[in-house]
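Let's take a walk through this structure together, one stop at a time. Have the sequence and the 3D view ready as you read.

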Amino acid sequence: MTFRYGRRTALSGVTWEVPRGVTGLLGPNGAGKTTLLNLLVGLTKPSSGEIVFSGGGRESAVGFVPQQYSTAGEMRVLDTVAYAAWINGVARKECIAAAERALAEVELGNRAGDRVRSLSGGQRQRLGIAAALAHRPQLVVLDEPTSGLDPGQRLRAREVISAIGARYTVVLSTHLIEDIAHVCERVAVLAQGRMAFDGTVDELTALVEDTEGAGSLGSAFERAYESLINTLGGARD
Ligand code: ATP
């Protein structure tokens, strides 16, 4: 795909195949991550090229969790997710069952009857994920899912996202290298509108010789990512 804002090319000939499991999307500021997410979610259309879902059409194919998931605090947790299911085309009679299943998938089944406003920040983020899963989308898109969470909540969110990756195809955009290292099997790196890397986390880590980073800060994965970005001449996030 290629995407242009007027004369400005934001994505240039990007080819990307996303398999089941959790795939991380990384890239310096301005690399085109938001543009790519908007295209995946269907908010915008590519200037050229296309997005193909292996199961066919794009109707209800995507579940999107924005960076700041917010919803009515007065609503009960179960109703919030059931409503999301209905909005996304689940038959009226099946919405409650779909919501119960999705809440169990994010480990919020025990809060189904509570009001949304009683949830912690981390629980609300998981509620957002449940709302995105309720119609069993072919693709789940998570935008910075752990930003704004405290370390304990972040750990919990990562566990839930990893578990979801066993059943869904998940794209996780993040600035946190740690999220990628802990949650993703695969990682794609955008730089200056091009796909600079697409492979497994181990493959990216292997790009740096172990000796090169001995004594320096950060994980081997972090050093590999930084060296890739530096090679490409882009600024780091
Ligand atoms: P960040 O991490 O800062 O959010 P990003 O990787 O999400 O960056 P995008 O927001 O997709 O990057 O932007 C990609 C390129 O397109 C940048 O050069 C940006 O300046 C440009 N761009 C983004 N939105 C618009 C717009 N509405 N009009 C014109 N140019 C835009």
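Start with threonine 169: setting aside residues within four places in sequence, its contacts are Val18, Pro19, Arg20, Gly21, Gln138, Leu139 and Val140. Keep in mind that what you're looking at is a predicted model. Threonine 169 belongs to strand β6, which covers residues 169–173. Is threonine 169 buried or exposed? Its relative accessibility is 14%, and because buried means under 20%, threonine 169 counts as buried.

Threonine 146 sits in the loop that links β5 (139–143) to α5 (151–165). Not counting residues up to four places away in sequence, threonine 146 touches Arg154, Ala157, Arg158, Leu176 and Asp179.

Next up is isoleucine 180, part of helix α6, which takes in residues 177–183. With a relative accessible area of 0%, isoleucine 180 is buried. Which residues does isoleucine 180 touch, once those up to four places away in sequence are left out? They are Gly24, Leu25, Leu26, Thr174, Val187, Val201 and Phe221.

Time to look at the ligand. Around it you'll find Tyr5, Arg8, Ala10, Pro28, Asn29, Gly30, Ala31, Gly32, Lys33, Thr34, Thr35 and His175. Glycine 30 has a backbone N or O atom 2.7 Å from an oxygen atom of the ligand. For alanine 31, a polar backbone atom is 3.1 Å from a ligand oxygen atom. Threonine 35 uses its side chain instead, with an N or O atom there 2.6 Å from an oxygen atom of the ligand.

Last stop: a pair of helices. Two packed helices are described by the angle between their axes and by how far apart those axes are. Here, the axes of α2 (residues 77–87) and α3 (residues 95–105) come within 8 Å and cross at roughly 115°. The crossing of α2 past α3 is right-handed. On the α2 side, the residues that meet α3 are Val77, Leu78, Val81, Ala82, Ala85 and Trp86. Their partners in α3 are Cys95, Ile96, Ala98, Ala99, Glu100, Ala102 and Leu103. Sorted by class, this contact has 12 nonpolar residues, no polar ones and 1 charged one.

Conventions. Residues are numbered from 1 along each chain as its sequence is written. This is a predicted model: local features need pLDDT of at least 70, side-chain atom pairs count only at pLDDT 80 or more; totals for chains, interfaces and linings use all residues. Side-chain values use heavy atoms; hydrogens and water are left out. Axes are lines fitted to C-alpha atoms, for helices over the stretch in contact, and angles run from 0 to 180 degrees between N-to-C directions. Helices (H or I, at least four residues) and strands (E, at least two) are DSSP runs, numbered from the N terminus. A crossing is left-handed if the near helix is turned anticlockwise from the far one by less than a right angle, and right-handed if clockwise. Contact means heavy atoms within 4.5 Å. Ala, Val, Leu, Ile, Met, Phe, Trp, Tyr, Cys and Pro count as nonpolar, Asp, Glu, Lys and Arg as charged, and the others, Gly among them, as polar. Buried means under 20% relative accessible area, exposed over 50%, partly exposed in between (1.4 Å probe, protein chains only). A residue is near a molecule or strand if one of its heavy atoms lies within 4 Å of it. A polar contact is a pair of N or O atoms within 3.5 Å; within protein, one must be able to donate a hydrogen and the other to accept it, and residues adjacent in sequence count only if both atoms are side-chain atoms.
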